[in-house]
Amino acid sequence: MAFSEFRPLHDNSLIDYVKSVPALSSKIANDFDNLFVKEVGDGNLNFVFIVLNSAGSFVIKQALPYVRSIGESWAMTKERSYFEWLALKEKGRLCPEHVPEVYHFDRTMSLIGMRYLEPPHIILRKGLVAGIEYPLLAEHMADFMAKTLFFTSLLFRTTSEHKRDVAEYCGNVEMCRLTEQVVFSDPYKVSEYNRWTSPYLDHDAEALREDNLLKLEVAELKSKYYDQHSSFTAVCAAAIVVLGFFLLYKNIHFCRFCERAQALIHGDLHTSSMMVTHESTQVIDPEFAFYGPMGYDIGAFLGNLILAYCSQDGHAYQANDRKAYKEWILKTIEDTWNLFQHKFTALWDEHRNGAGEAYLPAIYNNPEVQLLVQKKYMTDLFHDSLGFGAAKMIRRIVGVAHVEDFESIADAAKRATCEKRALDLAKTILKERRKFEGIAEIVSAIRKHE
Ligand code: ADP
Ligand code: SR1
Ligand code: MG
Ligand code: MG
């Protein structure tokens, strides 16, 4: 019998818990004599225990009702564990090669038991800080994103299936609200949680709060809908011209985080949400999963690779200037998007006459219109990904949660130089994302910001 009410686990209570759950105790052959148990959680939110003996292993991840990195003062639903379990199962079904197997879930205890990703698996971000190349990373992440996004979108599913699942994941509202706050709001206002490398970035942090054009773009990413033909936009455009801005929106833009249920997204797909070896890429930690814009996942991965790139000069030393490594990161960025685009459109072509209700075959029934539709879809997705990726870069430099890529640069002046380069690049990408026609142009822009 598992525990009848919630309680945070510690090493000893964890063993009692495991004894009561056959799905877990069988993994270690019911042998509790030489058991190794260690809490290894280094993320912002949860507690993760490795449980291991000579017969086998697993990890237990438990959500407590607060944000771990801040403490009990920042309450956070432990129901996030339920959505993480749901998403692990669904993404594991769609892409088993890149998602750890789930052994057990206990909603009362907000606890997931899953495969222990044994060494040499390490968190990708740590590998990027150490300067390790992962030759299959782009291929694996493109595969993971193409499959999990395509098969949960209306390109593959009926609107009935889609609405049923959208409704289920709407329950993850608290996690979405956390993202809304820390990604789309706090960096653009004074917030008690914001921090940056002071005094070096004081002016840059203030400039973000005063950059009206940037704030307008961030509003679009979060929730505003701009359509050049709508009267609302006309009024806005007039007001902005009066303020001295000139804005040109050539297309209808869709990216909105809060309102666009495009696919089941991971919701936190940065480089600490995957564990890697040279041969293996495993995506973990989908507790922010919900039906949202695909570009939020793609942007999270690409944006965090750009952060890794911008941090490399801070990790360079005489014997290793990291120049070759920076080239590998750029190639990984380019390959990821190109491979993703290729795999995603191949899935679309393969299932064109399936149940997906976005583009009914009876209407989109000739090669010309199919090509047009696909080109428009992928262009919009590319621009969404750039916008979200840039917003996620900005939040990691001036918001509450920073990244090891920069934090591990001990010299504050050196760190600030890297961060400022990343911040300026992110602002350019965010504001001008619609001008970029392909990922090669983004790579050029990254090089130009040296
Ligand atoms: P959080 O939600 O707090 O960010 P994560 O799921 O990212 O938690 O896990 C925190 C850490 O625990 C990871 O950085 C990794 O070191 C370790 N970890 C998580 N899941 C596994 C796993 N399946 N196998 C091995 N280590 C894991
Ligand atoms: C308090 S913000 C914590 C952050 O960590 C998670 O991994 C998410 O990125 C979240 O925004
Ligand atoms: Mg994590
Ligand atoms: Mg997490």
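**View 1. Ligand 1 lies between two domains of this predicted model.** Domain 1 (11-114) and domain 2 (122-448) both give residues to the shell around ligand 1, so ligand 1 lies between them. The domain bounds come from an automatic or database domain assignment. The shell holds 17 residues, and D42, N46, K61, L117 and E287 come nearest. A residue is near if one of its heavy atoms lies within 4 Å. By class, 9 are nonpolar, 3 polar and 5 charged. Here Asp, Glu, Lys and Arg count as charged.

View 2. A polar contact pairs N or O atoms within 3.5 Å. For D285, a polar side-chain atom lies 2.9 Å from a ligand 1 oxygen. L45 uses a backbone N or O atom, 3.2 Å from an oxygen of ligand 1. Taken alone, ligand 1 exposes 550 Å², and the protein buries 93% of that. Areas come from the Shrake-Rupley method with a 1.4 Å probe.

**View 3. D285 bridges two magnesium ions.** These are ligand 4 and ligand 3, 3.6 Å apart. The protein donors of ligand 4 are D285 (OD), D285 (OD) and E287 (OE), lying 1.8 to 2.3 Å from the ion. Donors are N, O and S atoms within 2.8 Å of the metal (3.2 Å for Na, K and Ca); water is not among the atoms, so sites may look incomplete.

**View 4. D285 and E287 are buried.** Buried means under 20% relative accessible area (1.4 Å probe, protein chains only). D285 has 14%, and E287 has 2%.

**Notes.** Residues are numbered from 1 along each chain as its sequence is written, with chains lettered from A and ligands numbered from 1 in the order in which they are written. In this predicted model, local features need pLDDT of at least 70, side-chain atom pairs count only at pLDDT 80 or more, and totals for chains, interfaces and linings use all residues, while side-chain values use heavy atoms, without hydrogens and water.

Methods: Buried < 20%, exposed > 50% of the residue type's maximum accessible area, 1.4 Å probe, protein only. Polar contact = N/O pair within 3.5 Å; in protein donor to acceptor, adjacent residues only side chain to side chain.
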